[in-house]
Amino acid sequence: MARKKRVALSLFWRTFVLLALLLGGGIFAWVQTLRALDTEPRVVLAAQQIASLVNLSREGLRHADRIQRVALVKAMTAREAIRVAPREPADKWEPFEEDRFTGRVAGEIRSRLGPDTIVASSVNGISGLWVGFTIESDPWWLQAEAARIHPLTRGTWAMWVGIALLATVIGSVAIARLINQPLRELSFAASRIRGGEYDSRLDENTLTSEIREVNMGFNRMARELAKVEEDRAVMLAGISHDLRTPLARLRLEAEMSVTDEEAKRNMAADIDQLDAIIDKFMDYARPGETHLKPVMLARLIDKEAAAFRDPTEIQIVSKVAIDIAVMADETELGRVFGNLFENARRYGRGIDTGIALVSVTYARSGPWVIVTVRDRGPGVPPSKLSQLTTPFFRGDAARTAATGAGLGLAIVDKAMQRMGGHLELANAPEGGLVIHVRLKRAPA
Ligand SMILES: Nc1ncnc2c1ncn2[C@@H]1O[C@H](COP(=O)(O)OP(=O)(O)OP(=O)(O)O)[C@@H](O)[C@H]1O
Ligand SMILES: [Mg+2]
């Protein structure tokens, strides 16, 4: 089935990207605004200063005679950062206008000193801010430092924008984590509950009130679920236990007082079935303590397989190496394979032969051992695969005469979880159910 592929972004990245875009856009807008606001006053101020310098110099020079002029020009050069020099017709100069800012400055200077004023960025190869003016038709240059009228340099802007962007990224990560962290914890706790672990203790003292309330609600729910589960287990175990005594009595009475042999056999079979169901109830409700220790896999499988002797019903071939050991509880793991073989005998018989051909293989994968049990039966409809481990779920009951409680795979699943392992069910492409049982390898 072709499914449209969608870009999967985790909540963290979604929040992060959104915040970063938002704040980054904000910074960009601010920078543009500041630049616009910053340019205008700088232009006016710079032009004003330069025009004043020119005017002052002109007035000073005009009222001095030739000798005083030379002394005055010298003094200005020595004390101030400006230079006044006579302008020669042969002087080569470059216009001051280079970009928007310098163009505005030059325009502003001209509007103050007259439209013919020359504003140059270099004269005879000496750079600076040069302004050409005249005193009684003598042309002069005034050279001021160009540095004083430049806008904030690109470097300064880049530094501040860089700092702001860095702060944005760090802030976005922090906010995204703040939102994401409790959700992740919640999802983790929920998945543990799904796995049957009800000891969820989400932080009930966290500062954010909404999250505190969610956590408190979740913890309460987990406690109640644990209680319901406990009650159910106690009830199941109680009922099952109490059924045992009358059942034993019934078996005895049937044996003694029923005379018809056929009826006696049928009753005995029914009572056996009831007994088996009660066994399942007890296994499910009261699994007992789990003690993990190294278990020799091949021996345990052979032992369980030995209970399924009748070759006209089931044939189990195990290819598990003799020296493979896994960390498991022997009783629980026995229960696991017992249930799988029993299911194969009930539901996994070949359509033509009527015999359940079961193969048990294994594979090592890192620290795990994966045991695969498969039969050659009809398998399970794909839509029902995920429900098989639900307690009391029975597949197509009408198809087989078998009468189980629907607890077998639920018991297997729980046992695998308690042993730190994993259970996976699938249909083999050639038909039949395949069960992968993953267990920790025992240290050699
Ligand atoms: N090897 C198999 N092939 C096909 N279907 C299977 C196989 N094993 C299990 N199933 C289906 O899965 C259902 C659930 O199995 P499960 O072992 O949990 O319950 P059960 O065998 O019906 O009852 P119980 O094990 O409690 O006696 C079965 O009713 C059956 O429909
Ligand atoms: Mg079963």
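Which helices and strands do the buried residues of helix 9 pack against? I will come to that in a moment, after a few words on the model.

This is a predicted model, in which local features need pLDDT of at least 70 and side-chain atom pairs count only at pLDDT 80 or more, while totals for chains, interfaces and linings use all residues. Residues are numbered from 1 along each chain as its sequence is written, chains are lettered from A and ligands numbered from 1 in the order in which they are written, and side-chain values use heavy atoms, with hydrogens and water left out.

Now to the opening question: the buried residues of helix 9 pack against helix 6, helix 8, strand 11 and strand 12. Helices here are DSSP runs of H or I with at least four residues, strands are runs of E with at least two, and both are numbered from the N terminus. Buried means under 20% relative accessible area, with exposed over 50% and partly exposed in between, for a 1.4 Å probe and protein chains only. In helix 9 the buried residues are Gly 408, Leu 409, Ala 410, Ile 411, Val 412, Ala 415 and Met 416. After helix 9 comes Gly 420, with a positive phi near 75 degrees.

Let me step back to the chain, for which the domain assignment, an automatic or database one, gives domain 1 (11-155), domain 2 (195-286) and domain 3 (291-440). The centres of domain 1 and domain 2, taken over C-alpha atoms, are separated by 92 Å.

Next, the nonpolar cores, each a set of buried Ala, Val, Leu, Ile, Met, Phe, Trp, Tyr and Cys residues joined through side-chain atoms within 4.5 Å. The largest has 39 residues, and those with the most contacts inside it include Leu 297, Phe 337 and Phe 341. Among the elements that give two or more residues to this core are helix 7 (297-306), helix 8 (330-347) and strand 9 (356-365), and helix 8 gives the most, with six residues. Another core, of 26 residues, lies apart from it and has Leu 53, Val 73, Leu 113 and Phe 133 among its members.

Val 358 has its place in strand 9, and it counts as buried because its relative accessibility is 2%. Leaving aside neighbours within four places in sequence, Val 358 is in contact (heavy atoms within 4.5 Å) with residues including Ile 314, Val 317, Phe 341 and Val 373.

Finally, where is empty space left? Rolling a probe the size of a water molecule over the atoms shows this. On a 1 Å grid over the protein atoms alone, a cavity is a set of points where a 1.4 Å probe fits but cannot get out, a pocket is an open set with protein on both sides within 12 Å along at least five of seven lines, and lining residues have an atom within 4 Å of a point.

The largest pocket has a volume of about 1,000 Å³, and of the 34 residues that line it, Gly 195, Gly 196, Glu 197, Lys 414 and Gln 417 lie nearest its centre. Domain 2 and domain 3 each give at least three residues to that lining.

The structure also holds one cavity of 30 Å³ or more, and about 510 Å³ of space lies in the largest cavity. Its lining has 31 residues, with Asn 343, Tyr 347, Leu 388, Gly 395 and Leu 409 nearest the centre, and helix 8 gives the most to this lining, with seven residues.

Note on methods. Grid points are joined across faces, edges and corners, and a volume is the space filled by probe spheres set on the points.
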